[in-house]
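Visitor: I have a structure open and would like to talk it through. Could we begin with the overall layout?

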Amino acid sequence: MLRQVPILARIKPAKLKLLAFASDRMTYRQGQDLCRQGDVGDAVYVILSGTADIIVSSPAGEIKVADVGENAIVGEIAVLCDVSRTATVRATSALEVLRIKKEHFLELVNDFPQVAVEIMRVLAARLSHATAELTAARALNPPSTAQ
């Protein structure tokens with residue numbers, strides 16, 4: 001299953017097997033949170049099946065900023081940047097994930113630089129999408145300028 005995940009596709013099968021044994025396979029019900037914004041970033045999640053929303057808390061309430069599905073990886077920002085969770089990940093269907101502990105994930109990135117490159121591609125694509133959405137929102141409602 002892990003070979004289907006784009007960021008893990010180039011890793012040798014023996015290393016993937018070790019990673020699978022060192023990780024926890026978990027299931028979540030629809031509406032259940034994998035992790036919450038502000039929590040300690042102690043693991044990365046690979047979605048094996050199902051879908052989830054990425055939700056950010058704001059003064060106006062919760063805002064859905066993305067949705068993810070099979071083979072997506074979530075939680076990597078908190079692990080890589082050593083910060084608290086930047087968003088809540090909530091199951092929108094029955095969800096099966098592989099929970100990779102922080103130390104195992106960092107070891108994987110260290111041992112396989114191509115994993116780091118793939119993660120950078122994923123993060124760059126997310127940033128590009130967020131920039132496009134912010135640009136569109138600002139075009140509809142430009143920020144006021146002080147005079």
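Guide: A term comes before the layout: helices (H or I, at least four residues) and strands (E, at least two) are DSSP runs, numbered from the N terminus. From the N terminus on, the elements of the protein run α-β-β-β-β-β-β-α-β-β-α-α.

Visitor: How many helices and strands are there in the protein?
Guide: The protein has four helices and eight strands. Its C-alpha atoms fill a box of roughly 65 × 35 × 25 Å along the principal axes.

Visitor: Where do these coordinates come from, and what are the ground rules?
Guide: This is a predicted model, in which local features need pLDDT of at least 70 and side-chain atom pairs count only at pLDDT 80 or more, while totals for chains, interfaces and linings use all residues. Residues are numbered from 1 along each chain as its sequence is written, and side-chain values use heavy atoms, with hydrogens and water left out.

Visitor: What does the protein average in pLDDT?
Guide: The average pLDDT (the predictor's confidence in each residue, from 0 to 100) is 89, and 98% of the residues score at least 70.

Visitor: How many bridges join S3 to S6?
Guide: Two bridges join strand S3 (residues 43-49) to S6. Tyr-45 has Val-74 in S6 as its bridge partner.

Visitor: Which salt bridge involves Arg-25?
Guide: Arg-25 meets Glu-96 in a salt bridge at 2.5 Å, N to O. The term stands for a side-chain nitrogen of Lys or Arg within 4 Å of a carboxyl oxygen of Asp or Glu. Arg-25 lies in strand S1 and Glu-96 in strand S8 (residues 95-101), so the pair ties together parts that are 71 residues apart in sequence.

Visitor: And how many salt bridges does the count come to?
Guide: The count comes to 14 salt bridges. One of them joins Glu-76 to Arg-126, with the closest N and O atoms 2.4 Å apart. This pair links helix H2 to helix H4, 50 residues apart.

Visitor: Is Glu-76 buried or exposed?
Guide: Glu-76 is buried, with a relative accessible area of 1%, whereas Arg-126 is partly exposed at 33%. Buried means under 20% relative accessible area, exposed over 50%, and partly exposed in between (1.4 Å probe, protein chains only).

Visitor: Changing topic: what volume does the largest pocket have?
Guide: The largest pocket has a volume of about 630 Å³, a volume being the space filled by probe spheres set on grid points, which are joined across faces, edges and corners. On a 1 Å grid over the protein atoms alone, a pocket is an open set of points where a 1.4 Å probe fits, with protein on both sides within 12 Å along at least five of seven lines; lining residues have an atom within 4 Å of a point.

Visitor: Which element gives the most to its lining?
Guide: H4 gives the most to the lining of the largest pocket, with seven residues. The lining has 25 residues, and Arg-126 is among those nearest the centre of the pocket.

Key
Two strands pair if DSSP finds at least two bridges between them.
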